[in-house]
Amino acid sequence: INHIVHNGGLYKRPFNEAFEETPMLVAVLTYVGYGVLTLFGYLRDFMRQWKIEKCQNATEREEQKDFVPLYQDFENFYNRNLYMRIRDSWNRPICSVPGAKVDMMERVSHDYNWTFTYTGRVIKDIINMGSYNYLGFAQNAGACQEAAAKVLSQYGAGVCSTRQEMGNLDKHEELEKLVARFLGVESAMAYGMGFATNSMNIPALVGKGCLILSDELNHASLVLGARLSGATIRIFKHNNMQSLEKLLKDAIVHGQPRTRRPWKKILILVEGIYSMEGSIVRLPEVIALKKKYKSYLYLDEAHSIGALGPSGRGVVEYFGLNPEDVDVMMGTFTKSFGAAGGYTGGKKELIDYLRTYSHSAVYATSMSPPVVEQIITSVKCIMGEDGTTVGRARVQQLAENTRYFRRRLKEMGFIIYGNEDSPVVPLMLYMPAKIGAFGREMLKRNIGVVVVGFPATPIIESRARFCLSAAHTKEMLDTALKEINEVGDLLQLKYSRRRLVPLLDRPFDETTYEETED
Amino acid sequence: MDMRSAKNYVFWLFCQFELITCSYLMEPWEKVLFYSFNTGMVGMLLYTTYTCVAAQVGTALRLLWHCLGTQPDSAASVVK
């Protein structure tokens with residue numbers, strides 16, 4: 001459903017998000033495909049059990065055949081019979097820096113993807129549409145790399161301790177002050193791993209007797225952190241503010257389930273950009289609801305920091321809101337900064353509490369110094385403090401690339417999910433054979449894409465996910481679009497039934513929005 | 001030229017069939033099994049059409065012709 005929302009003046013710019021419905025014929029044919037594969041899966045399992053065919057997957061030992069079966073659930077059936085057939089589209093080894101173009105090692109399989117052998121050849125200059133390299137900082141030359149090399153020769157690579165013991169370097173203090181200034185919050189703390197930031201800090205913030213309201217499509221790290229904390233978890237529909245408000249009202253009115261006491265804390269978990277859908281959270285409405293019902297907000301900006309907003313400061317700046325309204329701002333350095341790790345930002349008392357009580361601060365090794373230096377240099381570049389306008393130009397280039405790429409794909413007739421401004425572009429494939437075919441055909445044409453299937457997405461909604469980068473030039477995007485068009489015609493992927501009115505190619509303007517006709 | 005483009009089109013249609021029914025992903029012996037099953041089903045369908053449906057359609061047409069044939073006599077009697 002396509003809608004442009006102006007909710008009581010909360011939004012300063014039009015919010016264009018679209019999730020076109022699956023065409024009925026496509027859904028039916030997808031189920032037909034899965035049905036055929038399931039039947040053949042049962043046939044192959046039968047043959048393996050009766051030793052007609054060699055069994056190449058993991059099974060129990062002979063002595064354990066009478067125990068409770070380990071590999072009989074749907075996940076393992078799917079793994080043996082469906083995932084194995086298209087496995088060559090994943091875990092592809094690359095052998096260069098994952099910039100706009102990447103080199104990949106060629107591999108072949110002689111026994112239908114059960115084992116792979118390397119031919120020794122390296123496929124060079126594949127256009128990389130799958131790396132989370134939003135601002136193009138994944139480089140092996142340039143200011144960031146030189147600074148990191150200098151720090152490597154000065155500090156070495158390992159820290160050999162946790163933050164609380166002997167691992168608190170002056171570089172970490174410098175990084176945290178810089179990140180706090182970048183986000184516009186009082187204080188920040190950095191961790192060595194983005195996943196661990198979420199899963200280890202949410203248990204430190206909430207416990208039993210608290211309520212967590214989490215979006216349907218939250219990332220596994222948020223779900224794990226919420227479950228580890230022991231709080232009650234309630235799920236609201238994806239980006240649906242009516243659902244969230246209903247849950248908040250019920251929580252305030254009814255309190256805890258049996259004792260009816262008020263909840264100790266209510267924490268709302270949302271993400272800035274959802275990486276599987278490409279949708280942006282409705283932050284102004286969430287903040288309005290949080291203030292009305294007196295709850296706390298935890299915003300995970302893993303994909304949106306550096307990628308949204310006129311100066312790259314994330315989804316808070318994109319909507320023009322005050323960073324002090326968000327109680328805990330979390331993000332990762334993996335995506336837009338070309339490094340590894342995560343951070344949390346907020347009030348000084350909160351971050352000082354996390355320094356003492358977070359599991360990650362107490363037990364996890366602190367960040368490696370060259371990685372810290374890469375982040376410091378890239379953040380300074382984005383803010384413009386290194387004396388050049390390179391950072392600002394990259395943010396604008398990313399926004400232009402996003403608009404151009406999404407508009408061209410929609411004009412061609414593909415079904416694209418998500419918001420107009422998000423650099424994550426999911427293109428719907430639906431049928432299981434097309435997942436494998438798309439990955440292979442694009443690789444033949446020298447374009448590397450990431451295709452996503454069942455456990456990460458609903459079973460019929462498989463997709464190809466493009467991640468745009470500021471390092472992609474317009475020529476690269478045009479080449480990629482030409483090949484996607486060809487492959488789309490070859491595999492019949494142009495399912496969309498709505499045709500956009502093709503616009504003239506105007507220069508990037510923050511107030512333009514698309515017009516559609518049904 | 002026309003033959004080649006017609007052949008290409010038929011080959012492209014076959015590829016679409018392969019993609020939709022996921023026989024694109026199957027090993028050769030699985031493909032043989034699947035296609036022979038499908039061909040068997042379609043063959044049986046055609047045979048049933050040829051034997052039974054033609055006879056039924058013939059009977060239906062004969063009935064219709066009989067109704068139309070007796071119609072002028074009954075119409076005339078009603079008018080009068």
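Biologist: Which residue in β16(A) does I127(A) stand opposite?

Modeller: The model is a predicted one, in which local features need pLDDT of at least 70, side-chain atom pairs count only at pLDDT 80 or more, and totals for chains, interfaces and linings use all residues. Residues are numbered from 1 along each chain as its sequence is written, chains are lettered from A and ligands numbered from 1 in the order in which they are written, and side-chain values use heavy atoms, with hydrogens and water left out. Strands (E, at least two residues) and helices (H or I, at least four) are DSSP runs, numbered from the N terminus. Strand β4 of chain A, residues 117-128, runs parallel to β16(A) and is joined to it by two bridges; in β16(A), the residue opposite I127(A) is I447(A).

Biologist: Which strands of chain A stand at the edges of the sheet, and why is one side of each left without a neighbour?

Modeller: Two strands pair if DSSP finds at least two bridges between them. The open sheet has three strands in the order β3-β4-β16 (chain A), with mixed pairing. Because each edge strand has a single partner strand, one side of each lacks a neighbour in the sheet; these strands are β3 (101-108) and β16 (447-448) of chain A.

Biologist: Is the crossing of α4(A) past α12(A) left-handed or right-handed?

Modeller: The axes of α4 (residues 170-183) and α12 (residues 369-383) of chain A come within 10 Å and cross at roughly 30°. Axes are lines fitted to C-alpha atoms, for helices over the stretch in contact, with angles from 0 to 180 degrees between N-to-C directions. The two helices are therefore roughly parallel, a term for angles under 35 degrees. A crossing is left-handed if the near helix is turned anticlockwise from the far one by less than a right angle, and right-handed if clockwise; α4(A) passes α12(A) in a crossing that is left-handed.

Biologist: At roughly what angle do the axes of α5 and α6 of chain A cross?

Modeller: Helix α5 covers residues 194-205 and helix α6 covers residues 220-229. α5(A) passes α6(A) in a right-handed crossing. Their axes come within 7 Å, and the angle is roughly 25°.

Biologist: What area is buried between chain B and chain A?

Modeller: Contact means heavy atoms within 4.5 Å, and 15 residues of chain B are in contact with 21 residues of chain A. Buried area is the accessible area (1.4 Å probe) that two parts lose on being put together, summed over both. Carbon and sulfur atoms give 71% of the area, which is about 1,800 Å².

Methods
Angles under 35 degrees count as roughly parallel, over 145 as roughly antiparallel, 65 to 115 as roughly perpendicular and the rest as oblique.
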